[in-house]
Amino acid sequence: MHFDAPLFGIWSPAGKQAPFICLEPWYGRCDAVGFTGTLEEREYGMRLEPQEEFHGGYVIEVM
């Protein structure tokens, strides 16, 4: 997998005995446990100005 995101999530639905895992490039995340700051102080936050666009992506290569 090729990507330029700052984070990478590997997860599976909890308690579902799912037969798969999810592999996801993440450009942001939820608050850390105990975080009491503002939205602007969140880790890995991204901010766009009005009319500004963000383009991201990833490539999965199966060999």
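Me: Is Y27 buried, partly exposed or exposed?
Reply: Keep in mind that this is a predicted model. Y27 has a relative accessible area of 22%. Buried would need a value under 20%, and exposed one over 50%. So Y27 counts as partly exposed.

Me: What kind of aromatic pair do F3 and F8 make?
Reply: A search of the whole structure turns up 2 aromatic pairs. In the one formed by F3 and F8, the ring centres sit 5.1 Å apart and the planes meet at 10°. Planes under 30 degrees apart fall into one class, so the pair of F3 and F8 is stacked.

Me: And what kind of pair do Y27 and F54 make?
Reply: Here the ring centres are 5.0 Å apart. The planes lie at 70°, and the cut-off to pass is 60 degrees. That is why the pair of Y27 and F54 is edge-to-face.

Me: How many residues apart in sequence are the parts that Y27 and F54 tie together?
Reply: Y27 lies in the loop between β3 (22–26) and β4 (58–59). F54 is in the loop between β3 and β4 too. The pair therefore ties together parts whose separation in sequence is 27 residues.

Me: What radius of gyration does the protein have, next to a compact globule of 63 residues?
Reply: The protein has 0 helices and 4 strands, and its C-alpha atoms fill a box of roughly 40 × 30 × 15 Å along the principal axes. A compact globule of 63 residues would come out near 11 Å, but the radius of gyration of the protein is 15 Å.

Definitions and conventions
Residues are numbered from 1 along each chain as its sequence is written. This is a predicted model: local features need pLDDT of at least 70, side-chain atom pairs count only at pLDDT 80 or more; totals for chains, interfaces and linings use all residues. Side-chain values use heavy atoms; hydrogens and water are left out. Helices (H or I, at least four residues) and strands (E, at least two) are DSSP runs, numbered from the N terminus. The radius of gyration is taken over C-alpha atoms; the globule rule is 2.2 Å times the number of residues to the power 0.38. Rings of Phe, Tyr and Trp (its six-membered ring) pair if their centres lie within 6.5 Å; planes under 30 degrees apart count as stacked, over 60 as edge-to-face and the rest as tilted. Buried means under 20% relative accessible area, exposed over 50%, partly exposed in between (1.4 Å probe, protein chains only).
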